[in-house]
Amino acid sequence: MQFPSPVSIQWIADLIKAELIGNANGQATGINEIHKVEPGDLVFVDHPKYYDKCIQSAASFIIINTKNVMVPEGKALLVVENPFEAYSAIVKHFRPFEPATKMISDSAVIDPSTVVYPNVFVGHHVTIGKNCVIHSGAQILDHCVIGDNVIIQSGTVIGSDAFYYNTKKDREVWYKRMISCGRVVIEDNVEIGANCTIDRGVSHDTVIGKGTKMDNLIHIGHDTVVGKNCLFAAQVGIAGATTIEDGVILWGQVGVSKTLTIGKNAVVYAQSGVPSSLEGGKTYFGSPVDEASTKIKEIVWVKRIPELWAKVMGK
Amino acid sequence: MQFPSPVSIQWIADLIKAELIGNANGQATGINEIHKVEPGDLVFVDHPKYYDKCIQSAASFIIINTKNVMVPEGKALLVVENPFEAYSAIVKHFRPFEPATKMISDSAVIDPSTVVYPNVFVGHHVTIGKNCVIHSGAQILDHCVIGDNVIIQSGTVIGSDAFYYNTKKDREVWYKRMISCGRVVIEDNVEIGANCTIDRGVSHDTVIGKGTKMDNLIHIGHDTVVGKNCLFAAQVGIAGATTIEDGVILWGQVGVSKTLTIGKNAVVYAQSGVPSSLEGGKTYFGSPVDEASTKIKEIVWVKRIPELWAKVMGK
Amino acid sequence: MQFPSPVSIQWIADLIKAELIGNANGQATGINEIHKVEPGDLVFVDHPKYYDKCIQSAASFIIINTKNVMVPEGKALLVVENPFEAYSAIVKHFRPFEPATKMISDSAVIDPSTVVYPNVFVGHHVTIGKNCVIHSGAQILDHCVIGDNVIIQSGTVIGSDAFYYNTKKDREVWYKRMISCGRVVIEDNVEIGANCTIDRGVSHDTVIGKGTKMDNLIHIGHDTVVGKNCLFAAQVGIAGATTIEDGVILWGQVGVSKTLTIGKNAVVYAQSGVPSSLEGGKTYFGSPVDEASTKIKEIVWVKRIPELWAKVMGK
């Protein structure tokens, strides 16, 4: 999430009651998660395992629960006991919870050429471009941005909250929600089927690139970036913070794990599972996936085991 | 799609500015996709690879982008530069886009014995029979036909548009939507779970046969025909233009590919993937599926590889 | 389902026109399915294969279609020609079908601290606790119970009917619905993603335990009991009457079959299929699942078959 305008880091430190160490004169421009941080951003870390990664990231300001780390030149630490709660406090300040009271929010900006069916909910600060059709039962939630010539079919949810939790198994409630302050950005000529769910970014944007088409019952996780002219068949699921490059085709029921990249024009056959990054331009199959030609040969090899057995074991 | 009444092929040729070659006196009765054409139908083809298939199909009138083909006796070619756009123009003429303005369309015909919950959307020209229950949040879209004693649970979408595109990778937008002008026809005694999606036919009907029961979060593609007394468990997905014969049982998360047939009384175990037609009366498992008994033996054989290896490799 | 107050078994016998054999002075406290029966309950059985199981179950009163069985001390048989219809008659008496006419039922009890978005349906006799957020397009159906600090995201259906049928293939309609009279009970601090479906119990409760978090497009079957602090990723499906113990993690697209138990703190990797009970504290993978370490070794072994083949076959 970018702040509406740069904010003095001292002001942020006061807000979250942090001890400020390092560059106390900086201006924070936003807050982001570690996969998406840019200079000017705040980030938070509460586990020693990730201290280094966060301090060395592009983020300028690190909310952290230790003083025993080096502060790189020009950066600042904001030391607090509970960085997760500090993150939540900042997000709540800049994105206060505003429950809706109307089906179409007064703050939504919808081009008059766009058709919005009955039974559609449009939240606060939503923008919808020209010549779109938003079918009955779609829910377009706060802050989402929809381009021109976009079709959203019935029952689809744009901007549901990220499935992203702070985990501590010594609490009674192990999982505490990280408040989602990112958006969903849907570019021009995208078409999305019925009863899909596209989660907003935790603190960045989930993006669906120009000309991409999705079938029904598809799930796209938080902060995932989908390229242009992709084609996803029904019941595909993509976890959070993943990158799908341009022209990728995912057939039905494919599952894709988090924080990986599928390269340009890759094709993944139905029901495959993608646990790690895939090179572009190739065709894949299996759970876990392999190149399709390799996987198809394996299926044939398995059928030959009895012949091998007979030869070796003499029966 | 059938036209409201037969239409002179010369009139159609004028509408789409086509050169008419062959039988100029014919009457077109409808327009359909290649898998479903009948005598009297228009069909379109824009790729040389499929010229023959379309010309030799049951269709009487072929919208095509070449003159260099033979016209069979009694048929006609409608030659245009862009058959896909011509198809779209015909569909738009006979099924003009009519955005809804009411939750229950005035043109919907709903038997008074049927219960329609609050928060249900019913589109134009929908018919719903006797003793149905349409639960809250269901969306019954334009032109769909629902028989007697049908239950549709909450959040289910009947009649979403087909996931069916005209593809050209030398355009900026690779995929252009084929306008869906087919219907969904749900026969008597069908019950459909919550948050399912049943796409309308592109130009024919998607049919759910009498007495079939479906669990939640199921996807049925365009133009697919499901027989009588089938049972589909949750999260099953069936692609377009497929035929599921009577009495077929698909367990949870089964995926079925397009334009294939699953024979009468076949049973497919959970999470299986069906890439091609299956004979009826048998039980299947795996992704891709095999007969269940074969697949189960393979699972055991794989577990014996280490023993084989030790014997052969001497370790 | 528990009755509002104990009911004389003679009164029940009269309602369903049953011949009462055995303890005619008992009081029935409820009606339940065989997996969930307790003393005082009615249960029904219509197939000789299950006579013994039902008669020997905890149920006190057995609706049955034979007299040729022994009645255990203190129990009673209610002999009818069609036990399934008798069950339906009892359920209809105590839970008459009350179609809703309002978006929020007058009989729903919602704590004033809870936020209910526009476009939410809340059925009869629903209870919602403190500090919940029910997002737009959610459907909370009759009799469901939601605790405190619960978040239900958009489009999710709580309390859809069970996918549970009486099957007879010599009828024209093979599958007849068992009327669901159970509830969904969602405990405190549970969060449920968008477009999920949680079916009510057939005659008992579906329960989601305290602190459990679910992503989008998840299906939970009837009478399933999920423990505390579980984590289910998107598109997981769990069939009916299954028990998921505390702290279980199911990754994306996992499928779990019916009437089994997954033990405490088990972890099941993405796309796995669980056909039978799993011990707690272990990590699983595959369809069907095995321990993950075993399954991962098998994947490597399959890749070695060509080497074995070459050695044995000499090519």
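Which side chain of chain A does C:Lys210 meet in a salt bridge? It's A:Glu172, with 3.1 Å from N to O. By salt bridge I mean a side-chain nitrogen of Lys or Arg within 4 Å of a carboxyl oxygen of Asp or Glu.

Quick housekeeping. This is a predicted model, where local features need pLDDT of at least 70 and side-chain atom pairs count only at pLDDT 80 or more, while totals for chains, interfaces and linings use all residues. Residues are numbered from 1 along each chain as its sequence is written, chains are lettered from A and ligands numbered from 1 in the order written, and side-chain values use heavy atoms, leaving out hydrogens and water.

Okay, chain A against chain C. Between them, these two chains have four salt bridges. There are also 28 residue pairs in polar contact, both at pLDDT 80 or more. A polar contact is a pair of N or O atoms within 3.5 Å; within protein, one must be able to donate a hydrogen and the other to accept it, and residues adjacent in sequence count only if both atoms are side-chain atoms.

Which elements of chain A give two or more residues to this side? They're β15 (157-160), β17 (175-177), β20 (197-199), α4 (292-303) and α5. The biggest giver is α5(A), with five residues. Helices here are DSSP runs of H or I with at least four residues, and strands are runs of E with at least two, numbered from the N terminus.

Now the area. Chains A and C bury about 3,700 Å² between them, and 62% of that is on carbon and sulfur atoms. Buried area is the accessible area (1.4 Å probe) that two parts lose on being put together, summed over both. On the chain A side, A:Phe163, A:Tyr175 and A:Trp301 lose the most, together 20% of what that side buries.

Back to α5. α5(A) packs with α5(C), residues 305-313, at an angle of about 35 degrees, their axes 11 Å apart. Axes are lines fitted to C-alpha atoms, for helices over the stretch in contact, and angles run from 0 to 180 degrees between N-to-C directions. From α5(A), the residues that meet α5(C) include A:Glu307 and A:Lys311; contact means heavy atoms within 4.5 Å.

And chain B? α5(A) and α5(B) also pack at about 35 degrees, with axes 11 Å apart. Here the α5(A) contact residues include A:Trp309 and A:Met313, while α5(B) brings B:Glu307 and B:Lys311, among others.
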